[in-house]
Amino acid sequence: MAELLSDTEISEALNKLPYWQRSGDVLERTAELADFAQAIAVVNRVAEIAESVNHHPDIDIRWRTVTFRCSTHSAGGITAQDVSLAGQIDSTIDAL
């Protein structure tokens with residue numbers, strides 16, 4: 001099972017993830033895309049990444065606004081897997 005990160009480790013990770021914030025036991029980012037099609041394209045690419053690493057974010061889609069929430073449910077909070085996935089989500093959004 002993945003180990004939970006300490007508060008200090010989470011703070012350090014967030015220093016490298018400027019679009020993300022901590023919301024309790026979750027890392028969260030909201031991104032506004034150009035349009036609905038672009039939002040869906042990002043979600044589809046993130047889904048491919050999530051499947052490849054077997055670690056899945058919660059995703060909320062509202063027209064062109066997408067919110068990603070990363071937490072390791074089996075561990076009960078934020079782990080290195082969540083930080084890694086957050087970085088991959090950033091790279092996906094940045095690639096547009």
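**Strands, core and surface of a predicted model**

Strands β2 and β4 run antiparallel and are joined by six bridges. Helices (H or I, at least four residues) and strands (E, at least two) are DSSP runs, numbered from the N terminus, and two strands count as paired if DSSP finds at least two bridges between them. The model is predicted, so local features need pLDDT of at least 70 and side-chain atom pairs count only at pLDDT 80 or more, while totals for chains, interfaces and linings use all residues. Residues are numbered from 1 along each chain as its sequence is written, and side-chain values use heavy atoms, with hydrogens and water left out.

Ile61 has Val66 in β4 as its bridge partner. The hairpin of β3 and β4 again has two residues between the strands, and Trp63 takes a positive phi near 55° in it. Trp63 is a residue other than glycine, and its place is in the loop between β3 and β4 (65-70). With a relative accessible area of 59%, Trp63 is exposed. The terms are set by relative accessible area: buried means under 20%, exposed over 50%, and partly exposed in between (1.4 Å probe, protein chains only).

Asn54 also has a positive phi, of about 55°, although it is not a glycine. Asn54 lies in the loop between α2 (36-53) and β3 (58-62), and it is exposed, at 60% relative accessible area.

Where do the nonpolar residues gather inside? A nonpolar core is a set of buried Ala, Val, Leu, Ile, Met, Phe, Trp, Tyr and Cys residues joined through side-chain atoms within 4.5 Å. The largest nonpolar core has 20 residues, and those with the most contacts inside it are Trp20, Leu27, Phe68 and Ile89. Two or more residues come from each of α1 (7-15), β2 (26-32), α2, β4 and α3 (80-94). Helix α2 gives the most, with five residues. In soluble globular proteins, nonpolar side chains tend to be buried together.

Leaving aside neighbours within four places in sequence, Leu27 is in contact (heavy atoms within 4.5 Å) with residues including Ile10, Leu14, Trp20, Phe68 and Val83.

Helix α3 holds Thr92, which counts as buried at 11% relative accessibility. Not counting residues up to four places away in sequence, Thr92 touches Val42, Arg45, Val46 and Ile49. Asp7 is 85 residues from Thr92 along the chain, and the C-alpha atoms of the two are separated by 26 Å.

Phe36, Ile59, Ile61 and Trp63 make a nonpolar surface patch of about 400 Å². Accessible areas come from the Shrake-Rupley method with a 1.4 Å probe, and for residues only the protein chains shown count as cover. Phe36 is found in helix α2 and is partly exposed, with a relative accessible area of 43%.

Note on methods
Patches are made of residues with over 30% relative accessible area and no salt bridge: like charges are joined within 9 Å, nonpolar side chains (Val, Leu, Ile, Met, Phe, Trp, Tyr) within 5 Å. A salt bridge is a side-chain nitrogen of Lys or Arg within 4 Å of a carboxyl oxygen of Asp or Glu.
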